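Biologist: I would like to learn how to read a model like this one. Please take me through it feature by feature.

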Amino acid sequence: MNIHEYQAKDIFRRCGIPVPPGEVATTPEDAERIARTFGTRVVVKAQVHAGGRGKAGGVMLANTPADARTMAQQIFGLQIKGLTVTKVLVTPAADIASEAYAGVIVDRASKRAVFMVSPAGGIDIEEVAATMPEKILRLPVDPRYGLLPFEASRMGFFLYTDAKHARAAAKILRQLWQAFLSSGASLAEINPLVVTTGDDVLALDAKMVIDDNELERRPEIAALRDESAENASEVAARKASLTFIKLDGNVGCVVNGAGLAMATMDLVKYYGGEPANFLDIGGSSNPEKVVHALRIITRDRNVKAILFNIFGGITRTDDVANGIVAATREHPLSVPIVIRLTGTNEEIAVQILQQNGFTALIDMDEAVQKAVRLATGGKAA
Ligand code: GDP
Ligand code: MN
């Protein structure tokens, strides 16, 4: 789950990380009022679940409260990476002497949380990694001990030669580790971590991604979810207990089981197609779930063909067939559908489908090839 900068900054503050104060505005008037209470130059920052807001025009420096209002107005009109801005953070502007990067992520390769720090901050860490990898220090954390003080110091001195700044950074890194651990994050990032002209070390930006599996035992973190800032299809899928991830292709996939869903996507690619999504309707399906799944998939304008791939174990294929019939009765499909099902109650399922004008396939290769052919207009498979 993504959270906003202002929410991540609240978590940072609770862990003691020095973060400038700030308040969220939902109207330009609000932004002006908040800027006035600070009585200094402010930065107006779009609150959307995307990085690179600065480059997209979503971070602006305002000299006066009236400027803050004008800039908020401009930012509210922006689309950043397809996301509409409905909230801005108004925060006193810092005078920056230098920008650094500090982050911690869960790293699959080392199976640990790994810190990454770089004195080259303010820009994407991916860019630093590609062009000047020697400017990044990576430090895997042993989960038995957590981040040890000497490790934090080593990173502090990698970031800054000035001992005072290095010590301040080391302290912030230990606090960042606490923020990461205590909120069940898979990523916590400060970019930029700045030294101000007044010699303070501050976190000017905050990004956190929370591991979805941590939410159940952390209701206070789960409450930070902002559905208005999320992909509408992913929200609908979550509410229907479906696992859905939007992708860029045009073959809409409805599959039961994550393993079969991945195998299906592999096969779609193998036959020259591109999946439009990952969608797992789960082990035990009911017709209602299938109705939701079809509704979510058909909402995507890129989808040119729909592929059902159901292996009936616990899942009853007749439930799936009933779901397909119910969903298409409600909303007739405007794109072709290919249905492959096999397993529990498959004879009944095939009968239900045929009575309603559908054909069902048994062979997975055949079904995938057909769906790819239909989606590409015969250009592939
Ligand atoms: P991002 O582009 O989404 O990562 O948003 P950031 O919060 O990192 O802001 C982008 C850039 O705006 C930073 O790298 C800074 O250069 C600049 N910026 C942000 N806050 C301040 C501030 O308080 N003062 C000054 N002078 N620049 C700022
Ligand atoms: Mn940033």
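Modeller: A pocket is an open set of points on a 1 Å grid over the protein atoms alone, where a 1.4 Å probe fits and protein lies on both sides within 12 Å along at least five of seven lines. Grid points are joined across faces, edges and corners, and a volume is the space filled by probe spheres set on the points. Rolling a probe the size of a water molecule over the atoms shows where empty space is left.

Biologist: What should I know about the model and its numbering?

Modeller: This is a predicted model: local features need pLDDT of at least 70, side-chain atom pairs count only at pLDDT 80 or more, and totals for chains, interfaces and linings use all residues. Residues are numbered from 1 along each chain as its sequence is written, chains are lettered from A and ligands numbered from 1 in the order in which they are written, and side-chain values use heavy atoms, with hydrogens and water left out.

Biologist: Which residues lie nearest the centre of the second largest pocket?

Modeller: Lining residues have an atom within 4 Å of a point. Here there are 23, and Asp212, Glu234, Arg238, Phe244 and Ile245 lie nearest the centre. Helix 8 (232-239), strand 13 (243-246) and strand 15 (277-280) each give two or more residues to this lining. Helix 8 has the largest share, four residues. Helices (H or I, at least four residues) and strands (E, at least two) are DSSP runs, numbered from the N terminus.

Biologist: How do the residues of that lining divide?

Modeller: Into twelve nonpolar, four polar and seven charged. Ala, Val, Leu, Ile, Met, Phe, Trp, Tyr, Cys and Pro count as nonpolar; Asp, Glu, Lys and Arg count as charged; the others, Gly among them, count as polar.

Biologist: Between which domains does the second largest pocket lie?

Modeller: Domain bounds come from an automatic or database domain assignment. For this chain it gives domain 1 (21-92), domain 2 (96-222) and domain 3 (231-375). Domain 1 and domain 3 both give residues to the lining of the second largest pocket, so this pocket lies between them. The centres of domain 2 and domain 3, taken over C-alpha atoms, are separated by 41 Å.

Biologist: What about the largest pocket?

Modeller: The largest pocket holds about 1,100 Å³ of space. Its lining has 44 residues, with Gly52, Arg53, Asn191, Pro192 and Asp205 nearest the centre. Strand 10 (185-196) is among the elements that give two or more residues, and its five residues are the largest share. The lining divides into 22 nonpolar, nine polar and 13 charged residues. Domain 1 and domain 2 each supply at least three residues.

Biologist: Are Asn191 and Asp205 buried or exposed?

Modeller: Buried means under 20% relative accessible area, exposed over 50%, and partly exposed in between (1.4 Å probe, protein chains only). Both Asn191 and Asp205 are buried. Buried residues make up 52% of the 381 residues in the chain.

Biologist: How do I read the backbone?

Modeller: Most residues other than glycine have a negative phi, and most peptide bonds are trans. Here a cis peptide bond joins Asn191 and Pro192, with omega about 15°. Pro192 is in strand 10. Lys81 has a positive phi, near 50°. Lys81 sits in the loop between strand 4 (79-80) and strand 5 (83-84), and counts as exposed at 63% relative accessibility. Asp199 also has a positive phi, near 75°. Asp199 is in the loop between strand 10 and strand 11, and is partly exposed at 36%.

Biologist: How many disulfides are there?

Modeller: A disulfide is a pair of cysteine sulfur atoms within 2.5 Å. The count is zero.
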